[in-house]
Amino acid sequence: MIDCAEGTQVQLRKNKIRFSKINHIFISHLHGDHFFGLIGLVSTFTLLNRTTDLHIYGPKGIQEIIKLQLRLSNSWTNYGLFFHELESKESEVIFEDEKVLVKTIPLKHRVYTNGFLFQEKTGERKLNLDAVQNYEIDTCYYQKIKNGNDITLEDGRIIKNDELTFDPIPAKNYAFCSDTAYDESIIPIIKNIDVLYHESTFLQSEENLAKKTLHSTAKEAATIALKSNAKQLILGHYSTRYENIDLFKEEAKSIFPEVYLANDGKSFEF
Ligand SMILES: [Zn+2]
Ligand SMILES: [Zn+2]
């Protein structure tokens, strides 16, 4: 999960997302609209008898805040709660398993802030069943083939892997950038991204406010998407001053074609 604002638990329930699926929480920065729901969620996990470890990644100080709240309310967790505090101004790898790699995207905001880049790893090759059966290859070699190896038949013939497999589903990547002023220094980190979420608190008509508060406009978000050669852009974090969020899409589309609007409970498939 990325960020945990007030109301997160309500939204999880409303959207039927199982609490137990959440094992890693990435907090971009310590403004309330990005983490004031965290202590509530941490406590609820205890009530739900969670036993699985929970990992929280966020700016230095997040451990102190959560632990202080737990201590003064005489609360505790009956699961392992691990903090990974961030303070680097350079992009760094903060999580990796066999499926995904997570890197920070240092952002420019009023307090120390990171976006997060999620890089899926390429999966194993897909078995061409017709081909392997044709060569009467024993099933015990299937995993070896899926890992990309050639196969030597009993008669000594070597069968090249590309004859026995299809390319795996291409790995996708996703970048989450909120909150931030317009900042071209993130472009090398998110180059060729499949899906870019970029905040657009304001429209270009409020450009001065965006500059003052270190937020972005829809046009600026679209410019980052264009310059980083993103495939799709999702906008969000709209100021409540605007009644019609379609204006954000319109403005961004004048710069970059593939624009989607994030909203409460909305999900996207790519
Ligand atoms: Zn903020
Ligand atoms: Zn915010």
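This text describes the domain arrangement of a predicted model and then turns to its salt bridges.

The domain assignment divides the protein into domain 1 (1-87), domain 2 (89-122 + 170-270) and domain 3 (126-166). Between domain 1 and domain 2, the C-alpha centres are 23 Å apart. Contact across this boundary involves 17 residues of domain 1 and 21 residues of domain 2. The two domains bury about 1,500 Å² between them, and carbon and sulfur atoms contribute 68% of that area. On the domain 1 side, the greatest losses of area to domain 2 fall on Ile2, Phe26 and Leu86, which together account for 34% of what that side buries.

Zero salt bridges are counted between domain 1 and domain 2, whereas nine residue pairs are in polar contact across the interface. The elements β1 (24-26), α2 (32-35) and β2 (54-59) each give two or more residues to the side of domain 1 that touches domain 2. That side comprises seven nonpolar, seven polar and three charged residues.

Side chains of opposite charge can pair when their charged atoms come close. The model contains eight salt bridges. One of them joins Lys160 to Asp150, at 3.4 Å from N to O. Lys160 sits in the loop between β9 (158-159) and α7 (161-164) and Asp150 in the loop between α6 (142-146) and β8 (151-152), so the pair links parts 10 residues apart in sequence.

Another salt bridge pairs Lys227 with Glu184, with closest N and O atoms 2.7 Å apart. Because Lys227 belongs to helix α10 (residues 218-227) and Glu184 to the loop between β11 (173-177) and α8 (187-190), this pair ties together parts 43 residues apart in sequence. Lys227 is partly exposed at 39% relative accessibility, and Glu184 is partly exposed at 37%.

Conventions. Residues are numbered from 1 along each chain as its sequence is written. Chains are lettered from A and ligands numbered from 1 in the order in which they are written. This is a predicted model: local features need pLDDT of at least 70, side-chain atom pairs count only at pLDDT 80 or more; totals for chains, interfaces and linings use all residues. Side-chain values use heavy atoms; hydrogens and water are left out. Domain bounds come from an automatic or database domain assignment. Contact means heavy atoms within 4.5 Å. Buried area is the accessible area (1.4 Å probe) that two parts lose on being put together, summed over both. A salt bridge is a side-chain nitrogen of Lys or Arg within 4 Å of a carboxyl oxygen of Asp or Glu. A polar contact is a pair of N or O atoms within 3.5 Å; within protein, one must be able to donate a hydrogen and the other to accept it, and residues adjacent in sequence count only if both atoms are side-chain atoms. Helices (H or I, at least four residues) and strands (E, at least two) are DSSP runs, numbered from the N terminus. Ala, Val, Leu, Ile, Met, Phe, Trp, Tyr, Cys and Pro count as nonpolar, Asp, Glu, Lys and Arg as charged, and the others, Gly among them, as polar. Buried means under 20% relative accessible area, exposed over 50%, partly exposed in between (1.4 Å probe, protein chains only).
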